[in-house]
Amino acid sequence: MKAAVHTVRLDLTEPLRISRSVMAARDAVWLSVEHGGVTGHGEAVSSVYYGLDAATLRRCFADAARELCRCPDPAAALETLRAGELAGVATPPAVRAAVEAALLDLVGARSGRPVHRVLGFPQPPVVATARTIGITSPLDAAAQARALTASGFQVLKVKAGLPDPEEDVERLRVVRDAAPHARLLLDPNGAWTPRQAAALLPRFAALGVQAVEQPVAPGDPEGLAALAERSPLPVIADEDAVGLEDVRRLAGRVHGVNVKLAKCGGVHAALRIAETVEGSGTALMLGCLTASSLGLAPAVHLAGLARWTDLDGHLLLAHDPWSGIGGEDGYVRTSGLPGLGVERRAVRCGRRAAVGSP
């Protein structure tokens, strides 16, 4: 096998503001793995929160690529990766997820099967995805809600976490009025104190919010579980549910866990989390970072496992360099093509580095 690494810039259509930051663009690093004339692709994106910049991602991909070149075929590489021998525990989860995605794409392409069938799921997923409304003025939030529901979105996720929580309540209220039939999710990104959350959640429940993500600061899963026990609406752990061990501590104690492949380490890790929470009363949410269709595609192939689906990161981009998972009408879906089912659009690439030999 041989591998190549490419870096591109992903610009958002407009800056996205959440409680802890404002983002207008991020770097995406692509790993391409070729074997027998067929190529598979995976993507990881830069993240200040996870401490990943493009240079770090490129370096980690180069290390993984050298190991890939020692594997006889993609299936063997997948087994080596999942055994922790290809990318060790020090490798960022986002890199492990992208390497696994490229190998799954390659295995599927070589066998003529979509990834969901490679994983044992016979039916192609088609699910309604949430669409995010960032922290913005009530007037703009209402306009976005009307436009999104007119386009087919049934689920809206409203960001919150301003210093004055009354502004969050007002934004949610106008979204509710502008989109009375939409299912509403709320995400303060850990901005509230436990006391604030306890006071605010009944008010948001009365406004029709159906679930809240990580209402309090991460680092106190016991406190999050205690809040969930008395919450009038479902509480979903996100920043407190990074990997399998976190989920084991929270299973049955919160209503949901937000599984992001870049956070937990990839498809195989997500499937282990799904097995862990099955029957516990804790449901899955599939989330994402802002990324291209290539970066989101692996999660789309798992979408049938989730109670809540939040796979709209590619829809926030001014130009998505890949296509194949839909979403513009409120539904993400697999394309039916082999592998991840995404196809490359014309895009200007940044740095490129090739590693390995045929």
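Predicted model: local features only at pLDDT ≥ 70, side-chain atom pairs only at ≥ 80, totals over all residues.
# Aromatic, charged and buried contacts

Colleague: How many aromatic pairs does a search of the whole structure find, and how far apart in sequence are the parts tied together by Trp30 and Trp322?

Modeller: The search of the whole structure finds 3 aromatic pairs. Trp30 and Trp322 form one that is edge-to-face, with 5.4 Å centre to centre and 80 degrees between the planes. Trp30 belongs to strand β2 (residues 22-35) and Trp322 to strand β13 (residues 322-323), so the parts that this pair ties together are apart in sequence by 292 residues.

Colleague: Are Trp30 and Trp322 buried or exposed, and what kind of pair do the rings of Tyr49 and Tyr50 form?

Modeller: Trp30 and Trp322 are both buried. The ring centres of Tyr49 and Tyr50 are 5.2 Å apart and their planes stand at 85 degrees. Planes over 60 degrees apart count as edge-to-face, so the pair of Tyr49 and Tyr50 is edge-to-face.

Colleague: Which residue lies over the face of Tyr49?

Modeller: Tyr49 has a relative accessible area of 39% and is partly exposed. At 3.9 Å from its ring centre, the residue over the face of Tyr49 is Arg20.

Colleague: Which side chain of opposite charge is nearest to Asp105?

Modeller: Asp105 lies in helix α3 (residues 93-111). The residue is buried yet has no salt bridge. A salt bridge needs a nitrogen and a carboxyl oxygen within 4 Å; at 11 Å away, the nearest side chain of opposite charge is that of Arg344.

Colleague: Which backbone nitrogen does the side chain of Asp105 reach?

Modeller: Leaving aside neighbours within four places in sequence, the contacts of Asp105 include Thr39, Gly40, His41 and Val115. Pro338, Gly339, Leu340 and Gly341 are also in contact with Asp105. The backbone nitrogen that the side chain reaches, at 2.9 Å, is that of His41.

Colleague: Why is helix α12 largely enclosed by the rest of the structure, and which residue caps its N-terminal end?

Modeller: Helix α12 (residues 293-300) has 7 of its 8 residues buried, so the rest of the structure largely encloses it. The buried residues are Ser293, Leu294, Leu296, Ala297, Pro298, Ala299 and Val300. A side-chain oxygen 3.1 Å from the backbone nitrogen of Leu294 caps the N-terminal end of α12, and this oxygen belongs to Ser292.

Colleague: How many salt bridges does the structure hold?

Modeller: Side chains of opposite charge can pair when their charged atoms come close. Glu67 is partly exposed at 29% relative accessibility, whereas Arg70 is exposed at 61%. The number of salt bridges in the structure is 19.

Colleague: How far apart are the closest N and O atoms of Lys159 and Asp187?

Modeller: Lys159 and Asp187 form a salt bridge whose closest N and O atoms are 2.7 Å apart. Lys159 in strand β6 (residues 155-159) and Asp187 in strand β7 (residues 183-187) are 28 residues apart, and the pair links distant parts of the chain. Both Lys159 and Asp187 are buried. The N to O distance asked for is 2.7 Å.

Colleague: Which residues are linked with Lys159 and Asp187 in a network of salt bridges?

Modeller: Lys159 and Asp187 form a salt bridge with each other. The network of salt bridges that holds both of them also links Lys157, Glu213 and Asp310.

Colleague: How far apart in space are Ser151 and Glu328, C-alpha to C-alpha?

Modeller: Ser151 lies in helix α5 (residues 138-151) and is partly exposed at 41% relative accessibility. Not counting residues up to four places away in sequence, Ser151 touches Glu328 and Asp329. Asp329 in turn forms a salt bridge with Arg333 at 3.1 Å. Ser151 and Glu328 are 177 residues apart in sequence, while their C-alpha distance is 7.5 Å.

Colleague: Which side chain is joined to that of Asp27 by a polar contact?

Modeller: Asp27 is placed in strand β2. Beyond neighbours within four places in sequence, Asp27 is in contact with Val8, Arg9, Ala44, Val45, Ser46 and Ala54. The side chain joined to that of Asp27 by a polar contact of 3.1 Å is that of Arg9.

Note on methods. Residues numbered from 1 in each chain as written. Heavy atoms only, no water. Phe/Tyr/Trp six-rings, centres within 6.5 Å; stacked < 30°, edge-to-face > 60°. Helix = DSSP H or I, 4+ residues; strand = E, 2+ residues; numbered from the N terminus. Buried < 20%, exposed > 50% of the residue type's maximum accessible area, 1.4 Å probe, protein only. Lys NZ or Arg CZ within 6 Å of the ring centre and 35° of its normal. Lys, Arg positive; Asp, Glu negative; His and termini not counted. Polar contact = N/O pair within 3.5 Å; in protein donor to acceptor, adjacent residues only side chain to side chain. Contact = heavy atoms within 4.5 Å.
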